[in-house]
Amino acid sequence: MAGPTIPANSGYNIAIENVRKKEFPMLEGEIYLDHAGTTLYPKSLMDRFAREMTSNLFGNPHSASASSQRSLVRIEDIRLRVLQFFNADPDEFDLVFVVNATAGIKLVMEAMRAQPGGFDYAYHQSSHTSLVGVREEARKSTCLSNDQVESWLAGSCPFGNSGGDGPILFAYPAHSNMDGRRLPLTWAGKVRSASDRKTFTLLDAAAFVSTSPLDLGCSETAPDFTVLSLYKIFGFPDLGALIIRRQAQDVFMSRRYFGGGTVDMVVCVKEQWHAPKSQFSHERLEDGTLPIHNIIALDAALDVHSQLFGSMTDVADHTLFLAKRLYDGLKELRHGNGEPVCVVYSSDPKPKTDKMGNGPVVAFNIRNSLGVWISLAEVEKLASLKHFHIRTGGLCNPGGIATALGLEPWEMKQNFSSGFRCGTDNDIMCGKPTGVIRASLGAMSTISDVDSFVNFVSEFYRDELIPSPQQQNQLVHSSVQAPLRVAAITVYPIKSCGGFKVPEGVDWVVRPEGLAWDREWCLVHGGSGQALSQKRIPRMALIRPSLDFERGELRVTYVGPSTTIPQHLPREITVPLSKNPTVFASSSSSSSSSSSSSSSSSSSFRPMSSRVCGEEILVQTYASPEINDFFSAVLGVPCVLARFPASGQGKSMRHAKAHLQKHQLPPPPPKKVISLRIPGSFPETTMEALPPSPPDSDSDEVTKQQPRILLSNESPILAITLASLDALNKEIQARGGDSVSPAVFRANVILDCASSSSSSSSEEVVEPYAEDSWSTLQIGNERHEFAMLGSCRRCHMVCINQETAVKSEEPFVTLSKTRRFDGKVFFGTHMAYSSSPASDSTTTATTAAKPAAQFPTIRVGDIAVPNS
């Protein structure tokens, strides 16, 4: 099949397609579109670096040995090469090696902070968070738009005439890391000329230089300070640089701190005096030993980059051609009703025609045909399963995000108060997105990468019109419900590990927090304290807990490959079910030795701070090395077992977050209907106005009224029906996939039709997804009532086979086409036990302390009767 036609003067580097497989084997089956975060390193670069490291001896450059002097010479040669890469005359500029662009910004900030009387700070609204943070050290600060900068150039200083004689620092990005919009490089020189006060300029070139040439040939118009991250150009090494205009270097004379290698003499006995090195700025600012090997790797990086991609002008032409193709492809996508699929925030790149243009970045959001925003988290989950690497969220660019999305300060503060945090799934607040989707291109990107991504957005998010007005597949909102039976009950004692199936004939206690023993334990990272999850560690599925009530033990078995766990460690351990405080880590004694039993340690337990689903909690960690070494070895992650028992208070207590979703509300009166087939939505959804769903906020005021939970994500109990699973599997098989087990949904209760007879009337058939419309569910002869709390929002953890721990695309991909509503994917339903009025008068803490006999019980085979 012939590829796309490429104009001869397009700038596209067709040779890249021939070197990709050899130079970037890590891209096999993957599509990387996050070059604004970091670009990729070619194999030949890593091979050359490895050869250099194994064939040369490099010492600490602060010594006089031959190996040390070899390092010193190479470092200074490479420093000159990097300056030449940016056409910077070493007589006019100096270069300081730093960890990254942010470290360079901090060096400038430290120098400005040390100025007598401090400094005033102005920064552009498109600045990265690292530039914004400088304002906390300034005497005064202000955030400027393009028009305000131009007003400054016309003579209107943003600080007026009240700033005194102190210096001003003006910082801005050459290229927004959020949407790729480019700002005039000439601002640096013009602002200096337009200001009556001493003004320094700081250019954040990190995003710009990754794909574009930066020319510092004219020192009179160049920025005083330019920061950049070299790994964004070359992929490796992890290194940054601060380029200083020598006319501005005196500002660093006021910097107070000095480190090893930056001074010629230090007196500290009886007197305190030191003499800084004074010949070059980098001698005073490169504190301690430089990252020698990273700098030496930079020499190879410069060579290999030129060999593979040509000049930076060639890279710019190549990436702008692709950016234009991506921009046009996303802008042209239309739903069946003519509405655009994407809201694009980047400007048209217009390669070779627009002096400023846009960098090779396209920032956008997605709306369905009804105008509903699609959750960023849902897009990233699906993109990850389809092997696309993109970035979503605020992108560390608060001003750019606020401007693009029209977010006022009060709205952002309100979102924060409502539970929004960086990195959370709750990314649509009060009807507005809180971030964007960003696809960014690099030197090794290809047309295939761009076209594949546009096709992905089209396949999953473009809604097509259906001429038939039939609505037989709409959600069921019927008051008549077929009886069901409890087909299976499963508890998951350790969060994200395997489940324990309740045997038939066993009555299982239902507590206010959920089924007894469900998600009472978790594994927490030994360093960060973060609760571990299958989403990041699929192997957790191979840890199988079982409850042994006769022995009073939680028996934990690892069923994975024997090569995973060292021979001296067992494949099975036991944990006491009792809440004896002596088994937990204490505040006054160290962990017992490995030869001692876990119950031999003594003293009061010490709670540990952990995080579950973004929520800070206090857990009790186990002291036994035998227990913790077992889990650490099995998972290859340093971790400890922790318990989160019921009846806690404060951070030892959590509440459910589930709520009814928009699609579960009764339909409004009939209106004029446009029937749509929405890939990624419920079949035959109508364009009728529905009241908005409450936000998915884990700090909503309503949360305090919700039932308690232990370590489950959202609710006390999760249920699914086999009718819904059968319908889903038919969709998967129709798309050529394999059916999935109910185990992937990790439900506590699995419900099936009460009658398995083929002669059952059609009225007794359980409709797929009928649970969406249930309000309550009564289970067992005692008719214990459970309140339905809303549909369960799904992530790609459902794609992990619970028997093998192997991750695949299904069922999330099919769910995204058949069970997405309001931009989110759902399957299963949350529920909680509804206590009787007599029990309601008792506090949950008291209830939780009652004997088990006073709690309701359910068992496999119980009849379940839903009500709408």
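Start by selecting strand S23 (521-525) and strand S29 (residues 639-643): 5 bridges join the two, and they run antiparallel. Strands here, like helices, are DSSP runs numbered from the N terminus, with at least two residues (E) for a strand and at least four (H or I) for a helix. Two strands pair if DSSP finds at least two bridges between them. Click on Leu523 and you'll find that its bridge partner in S29 is Leu641.

Before moving on, remember that this is a predicted model: local features need pLDDT of at least 70, side-chain atom pairs count only at pLDDT 80 or more, and totals for chains, interfaces and linings use all residues. Residues are numbered from 1 along each chain as its sequence is written, and side-chain values use heavy atoms, with hydrogens and water left out.

Now widen the view to the sheet. Which order do the strands of this open sheet follow? The 4 strands go S23-S29-S28-S27, with antiparallel pairing. S23 and strand S27 (607-612) stand at the edges with a single partner strand each, so one side of each has no neighbour in the sheet. From one strand to the next, the twist averages 55°. Angles run from 0 to 180 degrees between N-to-C directions, and axes are lines fitted to C-alpha atoms, for helices over the stretch in contact.

Next, select helix H6 (residues 146-153) and helix H7 (residues 187-194). Their axes are 8 Å apart and the helices pack at an angle of about 45°. H6 and H7 are therefore oblique to each other (under 35 degrees counts as roughly parallel, over 145 as roughly antiparallel, 65 to 115 as roughly perpendicular, and the rest as oblique). Show side chains: Asn146, Val149, Glu150, Trp152 and Leu153 in H6 meet Trp187, Lys190, Val191 and Ala194 in H7. Contact means heavy atoms within 4.5 Å.

Time for some salt bridges, where a side-chain nitrogen of Lys or Arg is within 4 Å of a carboxyl oxygen of Asp or Glu. How many are there in the whole structure? A search finds 37. Pick Arg197 and Asp120, whose side chains meet at 2.8 Å, N to O. Arg197 sits in the loop between H7 and strand S6 (199-204) and Asp120 in strand S3 (residues 120-124), so this pair ties together parts 77 residues apart in sequence. Arg197 is buried at 13% relative accessible area, and Asp120 is buried at 0%. Buried means under 20%, exposed over 50%, and partly exposed in between (1.4 Å probe, protein chains only).

Hop over to Asp348 and Lys324, another salt bridge, with the closest N and O atoms 2.9 Å apart. Asp348 lies in the loop between strand S11 (342-344) and strand S12 (361-366), and Lys324 in helix H11 (residues 312-332), so the pair links parts 24 residues apart in sequence.

Last stop: Thr434, in the loop between strand S16 (432-433) and strand S17 (436-440). Thr434 is buried, at 8% relative accessibility. Setting aside neighbours within four places in sequence, its contacts include Ile401, Leu405, Phe420 and Met429.
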